[in-house]
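Hi everyone, thanks for coming.

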Amino acid sequence: MEKIVITTSGTLSEIFVGKPWEVAAEMIPERGVAIITDENVYNIYGNRFPLFPVLKIVPGEESKRLKVIENLAEQLLDLEIDRSGFILAVGGGVVCDVAGFLASVYMRGIRCGLVSSSLLSQVDASTGGKNAVNLGEIKNVIGNFRQPEFVICDTAMLQTLPEQEYLSGLAELIKTGIIGDLSIFEIIEQNVTAINNRDSILLSDLVARSVRFKAKVVSKDEKENNLRRILNFGHTFGHAIEMHKSMKHGFAVAQGMLFATDFSLQKGFISSGVRERIINLLQRFKLLEEQYIPVNQVEQHIMHDKKRTGTDIHFIFIEGIGKPLIRTVPVSEVMDFYRQIKTGK
Ligand SMILES: NC(=O)c1ccc[n+]([C@@H]2O[C@H](COP(=O)([O-])OP(=O)(O)OC[C@H]3O[C@@H](n4cnc5c(N)ncnc54)[C@H](O)[C@@H]3O)[C@@H](O)[C@H]2O)c1
C-alpha cells in the first residue's frame, strides 16, 4: 500500500493506492454520511457499502449535469445532512466529479472522500481536486477546484470494469507516460499481455506512478495557472470528439493525443520515430479509431475551451516522450492544421 499526499493552499489530500476499498468505512464519520454512487457500481459493490443512505445516479456522462447536482442536494436536505455532513463517493470519474462538485457547494462545502473504482478515475479523475459538470455540449464548464480528504484506489475493483472502460482508462495512463513519466510509457510497452490480463500488482504500480506524477504537478500548480496545463495533453480535440461523438473519454483523448502528436511533428518538436512509437502503443490497445468532426464544430468546441484566452489557446505539444511543451498558439493555426490533415486542404 502506498500513501501519496497532495498539499495545496492549506489543504491536505491523501491518496491510498493498493488499499482495500472497504477501509473507507474506517475513514468516515460515525454519522451524517451520504454515499453517492452509480447504478452499475452499486449493483456490484453495494452490498459491501458502509451502512449509510445511498444516493444513486444514472451511469455515464449524462449525469454530469446541474440538474443532477440539484436533485442530489434535495436528497441531502431530505436526509437532514448538515454542514458537519460527509459525502463518500464510490465510482468512476463521473461519480467523483459529481460528488466532488456537490460536496464543494452543498451548504457552501461539506467534507468528502472518494473510492475511485475505474482505471480512468484512479490514474487521473479522482486525483487533483478538479470537480465539474457539463453545460449543453461543453465539457466541464461549471466547476471548481477542491481537494477530497482522501482517495482510495483499489486495483482489485478494476477486475469488474467492462473492457472498453478499462481501455479508456489506459489511454489516460499512456498520456501520463507521454507528458511526464517515460517509465510509465516503457512499462506499458513492455507488458502488453499483463496489462490486457489486468495484472493487479502491475496495475497498482502504474496507478501509483501516475498518481505520484499528478500529485507533484497539482501540488505545484493547483489552479492550472501554468504547469498543470500539461495534464490537458490531447484534451483540446479530445473534448470536442467526446461531446460530438458521445465517445468514451479515454478513446477521445487518444484521438486528441494523435492530433497533438501530429501537430508536434509538423512544428518540428519531435521526430517521426517518436510519433511512430506513440501511435504504435495506442494502436496496440485499439485506442485509435478514425473520427471526423466537421471543422466548424471543432472550432466551436475550441472557442469554448477553458484553455483559450481571446483568439489564442494554450496548446500542449511534446518535445519527446515524457517531455511536454506548453505553447500559446492562435486558434486559427490549430484549425488550419486540423483542416489540412482531415481534408488535405
Ligand atoms: N476531474 C478530473 O480531473 C478528471 C480527469 C479526467 C477525467 N475526468 C472525467 O471522468 C469521466 C470519465 O470517467 P470514467 O471513465 O471513470 O467514467 P464513468 O464514471 O462513467 O465510469 C465508466 C463506467 O464504468 C462503470 N464502472 C465504474 N467502476 C466500475 C467497476 N469497478 N466495475 C464495473 N463497472 C464500473 C460505471 O458505472 C460506468 O458505466 C469524464 O466525465 C471525464 O471528464 C475528470
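Predicted model: local features only at pLDDT ≥ 70, side-chain atom pairs only at ≥ 80, totals over all residues.

Let's begin with the whole protein. It has 13 helices and twelve strands. The radius of gyration is 20 Å, close to the 20 Å that the globule rule gives for 345 residues, so the protein is as compact as a globular protein of that length. Along the principal axes, the C-alpha atoms fill a box of roughly 60 × 40 × 35 Å. Of the 345 residues, 47% count as buried.

Now to the ligand. How many residues surround the ligand? There are 29, and the closest are Asn40, Gly92, Gly93, Val94 and Ser118. Four helices, α1 (39-45), α3 (93-105), α4 (119-125) and α5 (163-179), each supply at least two residues of that shell. Sorted by class, the shell has nine nonpolar, 13 polar and seven charged residues.

Next, please look towards the end of the chain. Three strands form an open sheet there, in the order β10-β11-β12, with antiparallel pairing. β10 (308-309) and β12 (323-330) stand at the edges with a single partner strand each, so one side of each is left without a neighbour in the sheet. Helix α13 (residues 331-343) packs on this sheet and touches β10, β11 and β12. The direction of α13 makes about 105 degrees with that of β12. Within the sheet, β11 (residues 312-320) and β12 pair over eight bridges. As one example, Ile316 has Ile326 in β12 as its bridge partner.

Finally, two arginines with backbone angles to look at. Most residues other than glycine have a negative phi. Arg108, though, has a positive phi, near 65 degrees. Arg108 sits in the loop between α3 and β6 (111-116). Is Arg108 buried or exposed? Arg108 counts as exposed, because it has 7 C-beta neighbours inside 10 Å, and the cut-off for exposed is 12 or fewer.

Arg198 also has a positive phi, near 55 degrees. You will find Arg198 in the loop between α7 (192-196) and α8 (200-220). With 16 other C-beta atoms within 10 Å, Arg198 is partly exposed.

That's my tour, and I'm happy to take questions.

Key: Residues numbered from 1 in each chain as written. Rg over C-alpha atoms; globule rule 2.2 N^0.38 Å. Buried ≥ 20, exposed ≤ 12 C-beta atoms within 10 Å, placed from the backbone. Pairing = 2+ DSSP bridges. Contact = placed C-beta atoms within 7 Å. Axes fitted to C-alpha atoms, helices over the stretch in contact; angles between N-to-C directions. Near = placed C-beta within 6 Å. Nonpolar A, V, L, I, M, F, W, Y, C, P; charged D, E, K, R; others polar.
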